[in-house]
Amino acid sequence: MPASSPVTPAPGELEIVRAFVNTLDIESGADLMRDPDAWASWASGHGLASQATAADLRFGRGLREALRAALLANHDRAPLPTETIEALDAAATRSRLTVRFTSDGPTLRPVGTGADAVYGRIVSAVAASLADGTWSRLKVCAADDCRWGFYDTSRSRTGQWCSMSICGNRAKQARWRDRTGRT
């Protein structure tokens, strides 16, 4: 699903996690983390001033795919996969997250700069959403050729597709063709 998709944004800071996972459009192959210029354009488009080296982007692509695995696990209400926990821990260390206390309670803030600050902000958003119960609604499309991140707004928390009219419809048509033997 393209970046201009009609997918509902995630609430608050969780939106940065959804947007980060969607820096790779699996269907088209477009990767906004392919090089420092593409990354800088994506980051500035999300209000993030961020320079990145090739090593920063390699790390970020690993973090992104570990998050994608976690969002896929959310379909089954499974705990965070081990690879995701390890990637989040590594990102927290790189960004030098610290706890800050405000009148609203504690928050995690990255001390690092550049891409590491962005990764720290992502870790902070994941931690906050795990604490407030919104994490389980952040998912990736069930279609293998899509895997676009979306926020599940269904009452039952059982949404499967980034777009029912696109990926959901394709899946229904494929099941119908399998059942009827039509091509």
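Select Arg 64 first: at 3% relative accessibility, this residue counts as buried. You are looking at a predicted model.

**Stop 1: Arg 64 and Asp 31**

Arg 64 sits in helix 3, residues 54-73, while Asp 31 belongs to strand 2, residues 30-31. The pair therefore ties together parts that are 33 residues apart in sequence. Is Asp 31 buried or exposed? Asp 31 has 14% relative accessibility, so it counts as buried; the cut-off for buried is under 20%.

**Stop 2: Arg 94 and Asp 116**

Move to Arg 94 and show its side chain. Asp 116 meets it in a salt bridge, at 2.7 Å from N to O. This pair links distant parts of the chain, 22 residues apart: Arg 94 is in helix 4 (residues 82-95), and Asp 116 is in helix 5. Colour the two by accessibility. Asp 116 counts as buried at 17%. Arg 94 counts as partly exposed at 27%.

**Stop 3**

**Stop 4: Arg 121 and Glu 13**

Now select Arg 121 and Glu 13. They form a salt bridge, and their closest N and O atoms are 2.7 Å apart. Arg 121 lies in helix 5, residues 114-132. Glu 13 lies in the segment before helix 1 (14-21). That puts the partners 108 residues apart, so to follow the chain from one to the other, trace between distant parts. Both ends are partly exposed: Arg 121 has a relative accessible area of 28%, and Glu 13 has 40% relative accessibility.

**Stop 5: the whole set of salt bridges**

Zoom out. How many salt bridges does a search of the whole structure find? The search finds 10.

**Stop 6: strands 3 and 4**

Switch to cartoon view and select residues 97-102, which are strand 3. A hairpin of 2 residues joins strand 3 to strand 4. Finish on Val 99: its bridge partner in strand 4 is Leu 108.

Technical notes. Residues are numbered from 1 along each chain as its sequence is written. This is a predicted model: local features need pLDDT of at least 70, side-chain atom pairs count only at pLDDT 80 or more; totals for chains, interfaces and linings use all residues. Side-chain values use heavy atoms; hydrogens and water are left out. A salt bridge is a side-chain nitrogen of Lys or Arg within 4 Å of a carboxyl oxygen of Asp or Glu. Helices (H or I, at least four residues) and strands (E, at least two) are DSSP runs, numbered from the N terminus. Buried means under 20% relative accessible area, exposed over 50%, partly exposed in between (1.4 Å probe, protein chains only). Two strands pair if DSSP finds at least two bridges between them.
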